[in-house]
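Biologist: Before we use any labels for this one, can we go over what stands behind them?

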Amino acid sequence: MGIECLVLGAGQEVGKSCVVVSMGGKRIMFDCGMHMGYLDNRRFPDFSLISKTGDFDSALTCVVITHFHLDHVGALPYFTEVCGYHGPIYMTYPTKALAPLMLEDYRKVMVDRRGEEEQFTYDHIMECLKKVTPLDLKQTVQVDKDLEIRAYYAGHVLGAAMIYAKVGESTIVYTGDYNMTPDRHLGAAHIDRLQLDLLITESTYATTIRDSKYAREREFLRAIHKCVAGGGKVLIPTFALGRAQELCILLDDYWERMNLKVPIYFSAGLTIQANMYYKMLIGWTSQKIKETSSVRNTFDFKHVCPFDRSLINAPGPCVLFATPGMISGGFSLEVFKQWAPSELNLVTLPGYCVAGTIGHKLMSGKPTRIDLDKDTYVDVRCQIHQLSFSPHTDSKGIMDLVEYLSPKHVILVHGEKPKMAMLKERIQSELGIQCYYPANNEKLLISTTQNVKIDVTKKFIRSCSSAMLSNVKNSLLSISDSGSKDNEIIKLAREDTTAEGILLMEKTKTAKLIHGNELLHTLGVKEHQVRFAFCCPVEVTRMEPLSDEANTTLCHVNSIMKVYVPRCLVTEDRLTTANNTLLDILLSELETRTECKNIQIASDSLQLHTFHVRVCSTEHCSYRKKENGVGESVVYFCCSWSPCDDRLRCLCVVLELFKIRNEY
Amino acid sequence: MERALLERLQRRLSPGAADARGRIQALYSARSLIGNPDSTESTRRSVVDALVASLRHHQDDAAFVHHALKLLGDAAVLCRPFTHSVVAAVRPFLDGGHSLTADAVAALSSVAEADNGSGGEGFSLVASALDGDRILSLASSPIVAVRSQVLDLLVRSMERGRFWDSFGHHTTIQVFLGLAMDLYPLVRKRAVDGIIAVLRAAAGDVDRLIVECCYDRAVVLLKDEEKLVRLAAVKLISECGELFAASQGETEHSEQMDVVFVQLCLMARDMCMKVRFEAFIALGKVRLVHETVLLQSLSKKILGIKSGKAIVECPAKVTKISLSSAAGAFVHGIEDEFCEVREAACRSLGMLTIFSVKFAYEATNLLMDMLNDDTEMVRLQTLQTLSHMANYDRLTMQDKHMQMFLGLLADISASIRCLARKLLQLMKLPDFVSFRDTIDCLISNLEAFPEEEEDIFFVLFSVGKRHKNFSTKLAKEFAKEIDLSCGELILDSNEVAAKLVLFISSSFSNGQRATDIPMALYSYAVPFSGRFARALRGAVDQDSLLVYLCSHSKKIHKICTSLMPIHIAISDITCKRNVLDFSEILTCSEQTQEKCVFLNEETMQSIKLNLETVRKTWPLMKSHCTQVVQNMLRACKEELETIAWNADDGAASSFLDFAALYIQVIQLVNEILGKSLPKKSCSIGMTVLDVIVERLDMNLRRLRLLEIGVSPQPILARLTSTISRLEFLCEGPSNLSDFAKEVKHACTEGTAALFSNTYVFRKLLELFYPEQITFTGRFKQKKAEVLVIGNDSENPLTFVSGLPVGIFFRITLYEILNIDRLWLLLAVGGSIQYVFLDLSQFEGCDAVRSCTLIVPFHGTPKATSFLLRASIGIECPSEDVTNHSKAGAGSRFYISAYVLYGKEQFFLMKNFANLVIMPRIQYRLGDVLSMTIFSTSSFNKLGVHLSNFSNSHLENLLHRLGYDSTPFFGTMDKPSQEGSVSAYCAQSPPLTPPSQV
């Protein structure tokens, strides 16, 4: 069994994320994005690779969208409405709310402004989103009997999620885009420690290690403050969703703290609507915004007001947010044309601009003149500030996540090839995890380990939990008691907790792990014990028979004093009493000679663990050493012990040396 | 009821009762019987006994036993005496591996818990019931409830410093270590808590190996799935780390600590907020870490580490841990989503800076970034951390930081601004540019938040003191600027004040360097001395500051005086150092004047001109042009009062008061001269002179209250006392002028002779001349304000004649020392009631103290209304009592006749309320309307106090008094600060208060 991974998009490139994962007979499509850099059929993923016949409904179990960016959701209406996929689609609530805005905006730009042939209509978008099942964070959704998916918070943009999917024993996580550091309006990605076979992670910044966001914020604020203080106008071209809000919060907060009065404008339309959504979806934002939302909604910006076209050439400083982000057209281009010729003004560029856009031209060197088309050009004299704000995690973040999840395999997508190669090397060498970065339309088969399920008895589990303390108990009773307790502790701490059990496999039944004690019962057999035995002669001197009466009383006193188990008194057998007396004496001798306080007296024997000593009553004990010259004064003590306590054999040696003086 | 309940309960619990439900119900009533505070001891005893007995009989009923055990536990808590029987009853259940054991342990646990230390035997009882073996067997019970209960009991008693004698440290640790690997997360967590408690209780007295064991276990638990366990493990790691460090002694660093540090850094990336928080707290406590490791935690990039230090081997266990795991822990920490974590990271960062200069340098970068955090709490913590670093001399400000930091001064939050400025005081600024930026920022700070002036000045002062060279440089630039501006620069601005405080500060601690600062700046600073002194928060008082400034501006002074020829000749005034408490002030006269000039140039100049005029009158006086002199003086006085009216500057008022009194004294002297001199010397009406001299005497005393010694030339019967006063003023006879000596001599010869002998008198007169004395310092005027609360013209206080009336006084005293004895004088007609004022009742300092008190006035007369005059008297320390018993009216002490402030209160019945004649009040210069408008004879004036009066009222009143209201309105539009209007009217037809008794 294995996991098959078909990369339809974002393989060794950034754009049109789309990965189809097959495991356990299920097929999930993660993301369905479009490439912004192409206008031909490379724009969409090659869906024909999923199903040659075009019967996507049976080819795919479900589609899961991680967030609303067009390179993750852009091809969805096309896929559902044009290609005809009718199966289940999952995305988080905010994605469901914001994706139509993005799609419609894009469609308008494409069709209305550029006059392209439309790939899908407004109705398509609406129809498509009707089929979407919304997801909530950490909510496990049972797509069908075998497949379950769960969304985790990913940061990045509002509603972005990492998706965990599980079929049978195979588990994967598809991260989508994520951010491991929080920003002004979103929290950091948050995921449980999961047992994973495969992690498919983005790698936009595969080799970059970013410094603290504070430094970036500081640079940004300083540039803007300097510009407006000098009377200049600031143009901030952004995408309507995400960065715009982030920067806006930053500026609004700074304006508030520094008591600045320069107006901040938000170009109308999409942004206003987006802000409204942001206000509603406050539960998906960062901790701080959530906390303060009861007092004031952060998205009710104090210093931000809508922009009017007539204000473009109004005198005085201002800050303007305009779409689209890469100055590829639309309002931001219009304003750029007006403001670029003045050196007082400032244009901040987003961290990433697609080649071919004006943003890209401005980023690559500082041009003095930009040709818009054959006839028109713009003189660029304004200052350019490049924003390094990025909602993607950096290479340290990727490494952290991989290390944290420790999956068995990693697939890198959504990145540039050479950088991915470097990251792959790092993951393999530093973390020892297999890593791949397939190209588009490449299929990758990952073998997964097989797990066998076994049953476990309750007793075994319980024994696991109390295994450690049985050691403590033993040490409390051990001979070397007063000696090195520290060592005992160290031994205890160093010992790996091993649970011992017996694996029982019966025919037609699942294997079962049982506790050692249960084995006999389960198998229905009797226990046999192996014991070592040795009958040890001990020389007893001055043994004088005493009168019955005196003997009894004395023994009585003695047994009360030393024998804890008073049962021996019940038997009035004189012999027993005498034997007990002997045992008492033996005990005290042993205690003084071995300094062992743990020897206990049972009814007719001395005990230390499995070591038993009793007075031998049989005349011809088979364990007795045949010795010559054994006199009357010798009493035999029969010792026996289990092999596990073989070390106690030494006690016999001690016993042999005894010469007990019997006072009675 | 109680009995009935008890009986039913006993019946239901009896051995024979088979009803299981009934037993459970019996427990309810048992609980209420025990819990009811009114239950008798015997009832409770019976209930407990019944329960104990029933436990024995119904052992098999698990549900019942479960509840009964719980109840017994609670009973033991409620009533201590039952502890014994409860423990005994619970004991049998401790054996055997069933879940009831857990309940039994829980019951014991609550018994032990109830015994909170002091002398209770609960714990020892429990300890006896649970010996070592039993605890071990319970702790290794297969039932999780039993384990967790026993563990809980152990940990709790451990945390309270109770030990189980039955087994020592080692076994306890063993048990905890064992249970720390339990299957159940809560048991694991509790066991780790237990280890921490043991380690703490041992207080360092633990074998290092054991600590290492605990540490190893904690390391394992750091990877636990349950966050609570991870949290506890982090705490344990921190605890072990401290023990390691302690055992390490003072060595530079230990590899073990490196490992601890890296482990904690790893935990700082945990997904659980609480774990991260705890990890950062723990990171702050780590010591003896190698610098490379510390630096690594500040950088996300893996630092190139030389000589194979990249991996440390944990000595105890053979696990290798890469130092790179620590990478950027703090970078992540300060960017954390939760402000608690950021705050903790920030604090720990500060603590670690102590160990390494390089680390501190790098950390500053991070901390500076944090100043832009969106949470105020974090910004505050950052500032505190920076201050902490500055205190340990670990703060090096770089250029790039200054901008960020100075931005903080404009922060919206006052506490941030304040803390930022505080930090500024501790900082060492890298170069002149940032110094100048800092100063500019502070000045704009001052302009934006003028209410924080004192704090800002103080900071400027400290900054200047710290950066002498920079401020000297800036001072020179500023001085040049002033020169170039040709007087166009307005010196009376906040900016200038701020700069001046900076400039003067740099020389303040080091006298020799003072010359570096252009002298002119000191003199410019003089007028701000009040503001500066206030801002310096008692570090230096205004007087000494003034003197300091003056002494430094000596050279420039000459130019100043030539521009503004003011030399105040206050004749006859000696400066008495010890009495006047001016000891710290140098005697350099002109400088003082200069201060006054800057204080309120215009006012002071006119005062001085007036005084100059007074001086000029003296020759005239000697040539007996009494009337001319009188006119001149009167004109002077009027003018002074105009000035007083216009000057709302409180600082000038004392000086004005002094000037007015001085002129009054001269006037009196003039009068005396006029009356006593030449021709009709024998026929002088003694009584007239008496009155005048007494007035003179009184005025002299008042002058003394202004803390200035005055020695005029009295010539009448009371000369002796005046002489003695002079002696007192001049510290003994040796200092007396020739004149005074002669007068004394004359007096001792006999007063009669003096008066009959015109020659002596003339000789004296010849001897007398006004001596020009200059003095320095501030006028400290002893004065008092008495305000009667609830008494205004329209609603006067009411009284019942013959009965005492309580009067609310609000008394404010200025410049009264602790040793002064003050009396409140309540006078109606001739009778005076004296009330001693206990200064301890007053709040405030010597400068101003105030108090509100109710004083009963006993002598209410039989009249519809009466005038009560309240005034404050001060006891004169060394007066000749016999000579002055007049005012004291037979009392043993003498209450000085000069009253600090008197206020007459008008008591009348309601129907008289519309009579709006107000009593005469002592006036305070500067508070009242000028008298130029009405008064030509300034002595007998009737003060009309008009509070809350509309103009029509006033007009009405004045009309009734026979005044034309027109001139009045010329000055009426300036109400004094209390919202009332005060006016002095000349009293041409003496007006008797209509209703006075």
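This is a predicted model: local features need pLDDT of at least 70, side-chain atom pairs count only at pLDDT 80 or more; totals for chains, interfaces and linings use all residues.

Biologist: What makes 52% of the residues in chain A count as buried?

Modeller: The cut-off is under 20% relative accessible area. Of the 664 residues of chain A, 52% count as buried.

Biologist: Why is Tyr184(B) called partly exposed?

Modeller: Partly exposed lies between the 20% limit for buried and the 50% limit for exposed. Tyr184(B) has 41% relative accessibility, so it counts as partly exposed. You'll find Tyr184(B) in the loop between helix H10 (169-179) and helix H11 (185-202) of chain B.

Biologist: Which residues make the nonpolar surface patch with Tyr184(B)?

Modeller: Leu183(B) from chain B, plus Val452(A), Ile454(A), Val456(A), Ile461(A), Leu503(A) and Met505(A). The patch is about 760 Å². Patch members need over 30% relative accessible area, and Tyr184(B) has 41%.

Biologist: Now the inside. Which residues touch the most other members of the largest nonpolar core?

Modeller: Phe261(B), Phe330(B), Phe405(B) and Phe532(B), in a core of 199 residues. Helix H13 (residues 227-248) of chain B gives the most to this core, with 11 residues. Another core, of 134 residues, lies apart from it and includes Leu129(A) and Met258(A).

Biologist: And what is Phe261(B) in contact with, leaving aside neighbours within four places in sequence?

Modeller: Among them are Leu283(B), Val286(B), Ser297(B), Phe330(B) and Leu352(B). Contact here means heavy atoms within 4.5 Å.

Notes
Residues are numbered from 1 along each chain as its sequence is written. Chains are lettered from A and ligands numbered from 1 in the order in which they are written. Side-chain values use heavy atoms; hydrogens and water are left out. Buried means under 20% relative accessible area, exposed over 50%, partly exposed in between (1.4 Å probe, protein chains only). A nonpolar core is a set of buried Ala, Val, Leu, Ile, Met, Phe, Trp, Tyr and Cys residues joined through side-chain atoms within 4.5 Å. Helices (H or I, at least four residues) and strands (E, at least two) are DSSP runs, numbered from the N terminus. Patches are made of residues with over 30% relative accessible area and no salt bridge: like charges are joined within 9 Å, nonpolar side chains (Val, Leu, Ile, Met, Phe, Trp, Tyr) within 5 Å. Accessible areas come from the Shrake-Rupley method with a 1.4 Å probe; for residues, only the protein chains shown count as cover. A salt bridge is a side-chain nitrogen of Lys or Arg within 4 Å of a carboxyl oxygen of Asp or Glu.
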